[in-house]
Amino acid sequence: SEVARVGAKFAKKGKQRSRFLGQTVSCHVSAPLQLCVCAIMWSNASSDSSTCGAPVKRTEEGRSVCSTHDDPKRSRGSGDLSVERGPLQIPSRHRLQAGFSGSLLRSWQGVPPLQPSNLVFPVFVVDQEELKEEIRTMPGQFRFGYKTLVRELSSLVEKGLGGVMIFGVVEGGLKDERGTCADSLDGPVIKALQILKRELPQLLLVADVCLCEYTNHGHCGILDQSGRVINKCSVDRIAEIAVAYARAGADVLAPSDMSEGRVMQIKKRLLADSEIAHKAVMSYSAKFASAFYGPFREAAGSAPSFGDRKCYQLPPEARTLGIRASLRDAEEGADFLMVKPASHYLDVVKALHDRVDVPLAVYQVSGEYAMLKFASEAGALDLRTAVLESVASMQRAGASVVITYFAPELLDWLP
């Protein structure tokens with residue numbers, strides 16, 4: 001073609017300067033790239049306007065030049081590839097900043113703002129009536145007596161708090177191999193559920209269902225003599241605890257043990273009892289074996305006495321396993337799925353959001369809380385800005401529910 005012929009004429013090795021159609025090209029590039037530049041110039045020269053949009057004029061030599069910017073006194077740049085075209089011309093569709101120039105406009109650009117009703121506040125409750133004991137590794141978080149907890153939550157409910165997730169804390173002497181105190185009528189969770197349902201009926205009660213806080217070995221299931229989790233026995237025990245919590249007033253049962261088949265068994269047991277058949281299940285479907293659980297284990301006294309939980313919690317690098325486990329739990333009847341931790345696994349949240357029709361929750365765990373809290377106290381970041389940014393990223397990935405220890409602050413910070 002004519003463009004190829006003319007472009008090839010000016011494609012030479014080494015640094016060169018070529019005058020073509022009234023414009024200067026300084027180049028030290030390959031022939032194909034020069035050819036593209038020449039083609040663009042040829043196209044512009046064939047019209048009635050220059051590359052900057054101004055009318056063209058013909059010189060005595062017959063060259064086409066810009067009537068506005070053809071100033072021989074202008075300095076010529078000398079970069080690897082510079083095409084002088086006059087003032088920057090940005091198409092209207094590429095001008096983005098006007099669309100977020102004000103605070104309200106900025107809010108329109110993203111996902112819908114998080115509402116207080118989408119927040120769930122995790123709390124630690126002991127089997128005492130009155131207690132408020134700060135957790136060393138989680139500044140601003142406390143272990144509560146069940147009557148103290150009612151008073152603490154009342155003000156948050158008035159601000160619109162959606163729900164609370166309850167974790168029981170018991171003394172070591174009460175723990176055994178089966179986690180008997182998990183569903184004991186004298187245990188902290190049963191007592192807390194009963195009093196909260198009576199005193200704050202509008203508050204959604206989510207009960208974590210696990211054994212690690214209540215077993216003397218600190219693992220999340222029933223163990224055999226070699227120390228391995230027996231899946232069937234663990235599933236039966238988890239379902240038993242879930243039913244007890246549902247009858248005590250829990251609206252949502254949240255099994256976090258990661259035993260296989262526990263969602264199906266819990267749903268089966270719930271549906272068999274007409275009084276609790278309407279209770280929902282929020283599965284910890286993608287719970288990863290994370291380093292960010294450390295502060296929680298101190299708060300709940302749930303660290304394993306030996307080994308670790310890598311044989312039943314998911315490997316951090318195993319994105320596909322997180323998706324498969326979540327799809328399995330959805331198939332078993334989970335009403336909600338959860339990804340835990342939140343910030344470091346947003347790729348899993350996004351993948352699930354694109355594949356399932358079950359609402360997604362994320363759990364901003366204790367280590368994520370402590371990381372932001374201690375960084376703020378050290379003056380490394382502004383806590384409010386950082387927390388709002390982190391929560392926005394969770395929503396952007398597709399989370400509908402955010403479980404976070406920052407819930408009390410967010411109730412004041414949200415627009």
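1. Strands β14 and β15 pair in the parallel sense over four bridges, and Y363 stands opposite I403 in β15. Here two strands count as paired if DSSP finds at least two bridges between them. Helices (H or I, at least four residues) and strands (E, at least two) are DSSP runs, numbered from the N terminus. Please keep in mind that this is a predicted model, in which local features need pLDDT of at least 70 and side-chain atom pairs count only at pLDDT 80 or more, while totals for chains, interfaces and linings use all residues. Residues are numbered from 1 along each chain as its sequence is written, and side-chain values use heavy atoms, with hydrogens and water left out.

2. Let us stay with β14 for a moment. Because five of its five residues are buried, β14 is largely enclosed by the rest of the structure. Buried means under 20% relative accessible area, exposed means over 50%, and partly exposed lies in between (1.4 Å probe, protein chains only). In a regular strand the side chains alternate between the two faces of the sheet. In β14, L360, V362 and Q364 point one way, A361 and Y363 point the other way, and all are buried.

3. On to the other partner of β14. Strands β13 and β14 run parallel and are joined by three bridges, with L337 having L360 as its bridge partner in β14. The chain crosses from β13 through α10 to β14, a right-handed β-α-β crossover. Right-handed means that, with the strands pointing away from the viewer, the path from the first strand over the helix to the second runs clockwise.

4. Strand β12 (residues 280-287) has eight of its eight residues buried.

5. Two backbone details in the loops deserve a look in your viewer. A cis peptide bond, with omega about -10°, joins K340 and P341, and P341 sits in the loop between β13 and α10. In the loop between β11 and α7 lies M258, a residue other than glycine whose phi is positive, near 70°. M258 is buried, with a relative accessible area of 6%.

6. A cavity is a set of points on a 1 Å grid over the protein atoms alone where a 1.4 Å probe fits but cannot get out; a pocket is an open set with protein on both sides within 12 Å along at least five of seven lines; lining residues have an atom within 4 Å of a point. Grid points are joined across faces, edges and corners, and a volume is the space filled by probe spheres set on the points. The count comes to three cavities of 30 Å³ or more. The second largest cavity holds about 110 Å³ and is lined by 14 residues, of which C212, K287, F296, R309 and K340 lie nearest its centre. β12 and α8 (294-300) each supply at least two residues of that lining.

7. Helix α12 (residues 383-397) has 15 residues and reaches 21 Å from its first C-alpha to its last, close to the expected 21 Å at 1.5 Å a residue; the expected span is 1.5 Å times one less than the number of residues. Its buried residues include L383, A386, V387, S390 and V391. The elements covering the buried residues of α12 include β14 (360-364), β15 (401-404) and α11 (366-377), where contact means heavy atoms within 4.5 Å. Just after α12, G398 takes a positive phi of about 125°.

8. Leaving out residues up to four places away in sequence, E134 touches P139, G140, Q141, F142 and R143. The C-alpha atoms of E134 and A299 are separated by 9.1 Å, although the two residues are 165 residues apart along the chain.
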